[in-house]
Amino acid sequence: PDGTSSTPLLTVSQYACKRRTTTVNNNKILTDALEVLAESYEFKEIPGRCLAFRRASSVLKSLPWAVRCLRDTEGLPCLGEHSKAVMEEILQSGHSFEVEKTLSDEKYQTLKLFTSVFGVGPKTAEKWYRGGLRSFSDVLAAPGIHLNRMQQSGFLHYGDISRAVSKAEARALGNLIDEAVRAVTPDAVLALTGGFRRYRGKEFGHDVDFIVTTREPGKEEKLLTGIIERLKQQVSTLFGLLLYCEYNASTFDMVKLPSHQFEAMDHFAKCFLIVRLEGGRVEGGLHGAEGDGRGWRAVRVDLVSPPMDRYAFALLGWTGSRQFERDLRRFARAERRMLLDNHTLYDKTKKEFLAATTEKDIFAHLGLEYIEPWQRNA
Ligand code: TTP
Ligand code: MN
Ligand code: MN
Ligand code: MN
């Protein structure tokens, strides 16, 4: 190497599960732009285009160097003509006309705002938009709009739960959940998953995700309901700890083959919570309408409870990132004739389920090099 070229010496795989992606993003200006377009095609329900922009963005995130001109990207996978045109414009002028137009588009802005509320997905956001609603006050004042319990909590705690969760807050929550878990079953297994398992350098997440299970077969569901009961009973300075709780019972059925859908929800018992965390004055104090003059904040927490023999699959599936998971499944299917989801790995050639007790077992079954959680930020 003569040091004059910044092009990669090693080939970059089209699969995120064959790349190492930390939270250090050397191409943030480009990936932010591509993700705006991905999101706008998601709102428009054009999944193919959405995915194309997400893949392009993900490849750029994995690069240990900054793209300076389009020539630097020669040989990189997943960069289509459209993505390249957007990149070229930004590299040359600092802006992309299409991205700026999208960002100033009323529909994009409104759907982005509405989907930022806990419990409001693209379908509901679209319906509200078509009904002429443009702001939260429009929604809250509109006659005939029924908000479900989740959405009501989403609006009630909007300021707090749209504010990033710090590592210190995630740790405090871990202690709180751990205490509840120990009180129910001393031999339970509790592990941090989701974004906070992937971040090393990065300090913030949008919620805190945990896997909880027990070595006693069939007891994992009771464990989860036990933890919820315990949290409900716990009071801190006159207030309950649980501000919101949606519990989904297990619909897990071993006979089912892994789903072909990428975004399919898994069938384990789980709950989506909003927890009241005391001592919220971490990292520069509280902000926003809710924050002033209080010593607490609301935090989103997810708990999932797989049976112990499904633990490795659930951990791998919940650690993310979403793009990493999509490509793990795509790789399994296209390159190995295997079906992977949060519950199982099925070999279509051998017609058998492959057992795993650790994530490493699953990577090995797939013939993939092990990728550490903090390298899965695809
Ligand atoms: P999220 O908590 O939504 O995302 P994240 O933790 O990766 O990032 P953030 O900091 O923004 O919270 O989901 C975590 C992972 O769990 C994600 O890869 C998707 C997966 N997941 C499932 O597999 N099944 C589910 O039912 C849900 C809700 C998530
Ligand atoms: Mn998360
Ligand atoms: Mn998220
Ligand atoms: Mn989550």
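The shell around ligand 1 takes at least three residues from each of domain 3 (161-313) and domain 4 (317-375), the bounds coming from an automatic or database domain assignment. This is a predicted model, in which local features need pLDDT of at least 70 and side-chain atom pairs count only at pLDDT 80 or more, while totals for chains, interfaces and linings use all residues. Residues are numbered from 1 along each chain as its sequence is written, and chains are lettered from A and ligands numbered from 1 in the order in which they are written.

**Ligand shell**
- Gly194, Gly195, Gly205, His206 and Gly320 come nearest among the 16 residues around ligand 1, a residue being near if its C-beta atom, placed from the backbone, lies within 6 Å of the molecule.
- Two or more residues of this shell come from each of helix 14 (311-319) and helix 15 (322-336), helices being DSSP runs (H or I, at least four residues) numbered from the N terminus.

**Domains**
- The protein chain also holds domain 1 (16-102) and domain 2 (106-148).
- The C-alpha centres of domain 1 and domain 4 lie 26 Å apart, and eight residues of domain 1 are in contact with nine residues of domain 4, contact meaning C-beta atoms, placed from the backbone, within 7 Å.

**Packing around Val212**
- Not counting residues up to four places away in sequence, Val212 touches Val181, Ala188, Val189, Leu190, Leu223, Leu224, Ile227, Leu303 and Ser305.

Technical notes: Two residues are in contact if their C-beta atoms, placed from the backbone, lie within 7 Å.
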